[in-house]
Amino acid sequence: IKRFLTLALTLAALTAAAPAAFALDLTEAKAQGLVGEQTDGLLGIVTPPGGAEVQALVREVNDGRMESYRDIAAKQGAPVQSVQNLAGKTLIDKTPSGQYVLSPSGQWLRK
């Protein structure tokens, strides 16, 4: 699963970095503290509602991630939630210092 997860995370990053209809990209949104990584492998808005641009970015990134997670789960015969949990741990571990992550208790913390 880890090999497929690495591929999924790479694809998710590429999707987020692709030109979009909005100017805000994932790297910028994370650096500004607008969004952060969640334990379920999805991106979250640190201070909802976050504005239309932030909402659109989160939706686009999460749609790409969920597609990848479902593909991995199907190929591995694993529950999607298991793939998401592993992705969440990996993404949180890789989050640079100063950016936000969602704790298991539901609190946004600056790493």
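Trainee: How many salt bridges does a search of the whole structure find?
Mentor: It finds 3. Before we go on: this is a predicted model, so local features need pLDDT of at least 70 and side-chain atom pairs count only at pLDDT 80 or more, while totals for chains, interfaces and linings use all residues. Residues are numbered from 1 along each chain as its sequence is written, and side-chain values use heavy atoms, with hydrogens and water left out.

Trainee: What makes Lys30 and Glu37 a salt bridge?
Mentor: The term asks for a side-chain nitrogen of Lys or Arg within 4 Å of a carboxyl oxygen of Asp or Glu. The Lys30 and Glu37 side chains meet at 2.6 Å, N to O, so the pair qualifies.

Trainee: And what about Arg65 and Glu37?
Mentor: Their side chains meet in a salt bridge too, at 2.7 Å, N to O. That pair links distant parts of the chain, with Arg65 in helix 3 and Glu37 in strand 1, 28 residues apart. Helices (H or I, at least four residues) and strands (E, at least two) are DSSP runs, numbered from the N terminus. Lys30, Glu37 and Arg65 are linked in a network of salt bridges.

Trainee: Why is Glu37 called buried?
Mentor: Buried means under 20% relative accessible area, exposed over 50%, and partly exposed in between (1.4 Å probe, protein chains only). Glu37 has 1%, so it is buried. Arg65 at 4% counts as buried, and so does Lys30 at 14%.

Trainee: Which labels do Lys89 and Asp93 get?
Mentor: Lys89 is at 51%, so it counts as exposed. Asp93 is at 48%, so it counts as partly exposed. These two form a salt bridge, with the closest N and O atoms 2.8 Å apart. They are separated by about one helical turn, because they sit 4 residues apart in helix 4 (residues 80-94).

Trainee: How do you know whether Val35 is buried or exposed?
Mentor: Its relative accessible area is 0%, so Val35 is buried. Val35 is found in strand 1 (residues 35-37). Leaving aside neighbours within four places in sequence, its contacts (heavy atoms within 4.5 Å) include Leu26, Ile45, Val58 and Tyr100.

Trainee: What kind of peptide bond joins Pro48 and Pro49?
Mentor: A cis one, with omega at about 5°. You'll find Pro49 in the loop between strand 2 (43-45) and helix 3 (51-76).
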